[in-house]
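Here are some notes for a colleague who is opening this structure now. Please read them with the model on screen.

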Amino acid sequence: MHSYSLIEEKLGFTQIRKILDDYCLGESGRDLISALSFSGNYEVIAKELQAADEFRTLMITVPGFPSEEYEDLSSDLVTLRIPGTFLQVEYMLLLRNSYFFFSDCINFIRALNAADYPALYSIIDGYYPDARITAEINRIIDEKGEIRDRASEELYTIRKKIVSQQHQVDKRIASLLTQAKTQKWVQADVEIAVRNGRLVIPVPAANKRKLQGVIHDESSTGQTVYLEPTEVFELNNEIRELELAEKREIIKILTHFADYLRPQLEELIHIYQLLGRIDFLRAKTLFALSIGAVKPLLSRNAELSWFEARHPLLYLSHSKQNKTVVPLDIRLDSINRILIISGPNAGGKSVCLKTVGLLQYMLQCGLLIPLKETSESGIFSEIFIDIGDQQSIEDDLSTYSSHLVNIKKLLERADSATLFLIDEFGAGTEPQSGGAIAEAVLETLNERNSRGVVTTHYANLKLLAAEQNGFVNGAMLFDTKVMKPLFKLKIGKPGSSFAFEIAGNIEFPKEVLAKAGEKLGHAKLDFDRQVQELDNEKTEIILKEKQLRQADEMLSGMIEKYKRMTEELEAKKQEIAEKARSEARQLLENTNKIIENTVREIRHSQAEKTVTKALRQELKEFEEQLEKPIEPVQTQIPIAEPEPEKRIKVAASEFKLGDRVSMEGQREAGEIIELSANDAVVAFSTVKLRVQLSRLEMLSGNQKSSAKSVNRSLSYQNMLNDMNARIANFRLSIDVRGYRAEEAITIVQKYIDESIMLRVGEVNILHGKGNGILRSGIRQYLQSVPEVKQFSDEKLESGGSGITVVKFRL
């Protein structure tokens, strides 16, 4: 309908595109961000949103997705189609890094359940990393991206000769310098210098003919010449020839590698397309997470029903200031097709308008949007906007003329799948005429079933909702008590502009406001104010009703709970009383039996004193038994205390391996694991001690298994304590600068072992740059550790080649 670049600028989508671009890791992803465009195709949008939603779920639930910077080498790989061409050495390193990134991404996604991530699986379908490619690259270049000596036997031989020749050069020039000093041809404190890449001896100009050689330079005064001795010159020429041979051999190696890659070039080029796609999805997901965006329910109908929608750029800005954004609820459908928003200036009308436009545009570009997941959004074939001043000097058009030109274009193409957004509709000309044109335009668009949102101050547009179907009013609420806008949209009623209230709030001249009030009529001002106050009071009443309803529900629940507890207590009471009565009846029966038995015995024994006395004693004991309190029921199972082990002092000759013993004065038991004539090595839980046999006591074996269990428990607990202490004190980086190579590697070995034991994912080794000896030795060791997944230089701004980043296989 009109340029989407203008729409993006007016809605703020250009800023979102910039944010997405910053989230990308490589140029392939940035190219896709640049190509991001509005679509009206439901299938295309649904596919993009599904992939974005799955990637969002992945990054929330499965942390650790690969995020390494990569270089798009597609154009460089295309040149390899010509036989005899090859990649430069620096591109070999870039190829390896990007192929590692590709492999990590594919393996990460394939480790997921395909049923949960169908869109992501379809993206990587047909892509399988080839370990032979990385193996071949690693055979040719080292970690720094330099050609290995063993890349070919010929290269190894050449470099070996170069090193030998360089040693001869160093040795010979040092000898000649010593000779020159002895002959007083040079000063005693002169040192070897370098000129034009050659080792030279600084010689006074007067003595330059005493030492045969080639002059490469002279001092600014001409008093000193820098001379390369003839013997050294010839040796250096030989080295130069070897270096040229080395370069030819490297080209040969790279050419052979290019021949190896050539059958797989198309697949490699497609891999960079895949990396761009994954990078693109990752950037969209990171932006979605930063604004709380989700995938709404998608509909083929040109309508929307949003809950708690937020303007993404406003949300990011407010978040930095610890401020909240008032969410927006809005609905456009076949019944309420056109929303007419009115209310005070600076009250949020334009923000509502732009929120609708920006979120719908984002959605139809395949981006997740910030609203509630239960929201529903349809697809529009076109979006039309008319926001801000569009005066055209080149076309000799005023502001209002430019608006009319835009509206004319809208009327030419609008249909039931069009979404239009018009700010301050009808403004810019005489109010009565502008209002009439705006009303006629809206009626025409309503007849075509177009969907739209407009903002206005015109009363005739506010009345459309009451006069015709398809229109609905919306008001931006204003707090008349504190004279501030609430930035909240309420659907159903029109809003007041509150021009007088806002003018009074900024201390506009009172006498001018009084005159204006007389011209407009105080009845109109009072009516607008009363309508707004009634609306605010209605909102407060609805909130109070909700709070009272919640309190009533809570009280009803508490009453129900009280009734239930009372019934349970009453039932318990009846149960206890019945049990007491039963026990009383039983007690009474037993008492009567004892009394009857006593009387019968007395009669039978004719009241002999001894019998009577004994019977009276029995009655007394029974009475005492009744008076005893009832013992509480034993609820815990008594734990049998282990019998103490016996300690036996035995002769030294009676001890043997495996005996359980204890040291004199000590309680802990141990086991003899080594034995000699006078002493033994005893294992006590986590320590081993060598003890004289005369200090040991033999323990009885009646609790051997129990003691071993206790020892095992103590040992396990000690191990856990030790592990926790190690984790608490472990550092994610180690500094070995200043150590000799052997010492540094020993320290690194212990550090790597501890990292593996504690299951640390990544560590940094700070070894410095220097001559690279430490770095080379450490990396050679790391290559031998199977648990090390990969290692590389730190990012340049964080230390570069002076730090090695080590990642482990967890």
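Predicted model: local features only at pLDDT ≥ 70, side-chain atom pairs only at ≥ 80, totals over all residues.

**Notes on the chain**

1. Which residues of helix 1 are buried? In helix 1 (residues 4-11), they are Ile7, Glu8 and Leu11. These residues lie on the same side of helix 1, because they cover an arc of only 100° around the axis. The general rule is that an α-helix has 3.6 residues a turn, so residues three or four places apart point the same way.

2. Look next at Gly12. This residue comes just after helix 1. Its phi is positive, at about 95°.

3. Helix 2 (residues 13-23) also packs with helix 12 (residues 312-320). The angle is about 65°, and the axes are 10 Å apart. On the helix 2 side, the contact residues are Gln15, Ile16 and Ile19. They meet Pro312, Leu313 and Leu316 in helix 12. By class, this contact has 5 nonpolar residues, 1 polar residue and no charged residues.

4. Now move to the strands. Strand 17 (residues 670-675) runs antiparallel to strand 16 (residues 660-663), and 2 bridges join them. Val661 stands opposite Gly670 of strand 17.

5. Strand 17 is also joined to strand 18 (residues 679-684), by 4 bridges. This pair runs antiparallel too. Ile672 has Val682 in strand 18 as its bridge partner. Strand 17 and strand 18 form a hairpin, with 3 residues between them.

6. What do the buried residues of helix 24 pack against? They pack against helix 23 (741-757), strand 22 (762-766), strand 23 (788-793) and strand 24 (803-808). Helix 24 spans residues 773-783. Its buried residues are Leu774, Arg775, Gly777, Ile778, Arg779, Tyr781 and Leu782.

7. Finally, the chain as a whole. It has 24 helices and 24 strands. Of its 810 residues, 39% are buried. Among contacts with a separation of 6 or more, 68% are between residues 24 or more positions apart. The contact of helix 2 with helix 12 brings together residues such as Ile16 and Leu313. The chain exposes about 47400 Å², and carbon and sulfur atoms supply 53% of that area.

How values were computed
Residues numbered from 1 in each chain as written. Heavy atoms only, no water. Axes fitted to C-alpha atoms, helices over the stretch in contact; angles between N-to-C directions. Contact = heavy atoms within 4.5 Å. Nonpolar A, V, L, I, M, F, W, Y, C, P; charged D, E, K, R; others polar. Pairing = 2+ DSSP bridges. Buried < 20%, exposed > 50% of the residue type's maximum accessible area, 1.4 Å probe, protein only. Arc of directions from axis to C-beta. Areas by Shrake-Rupley, 256 points an atom, 1.4 Å probe, with all protein chains shown as cover.
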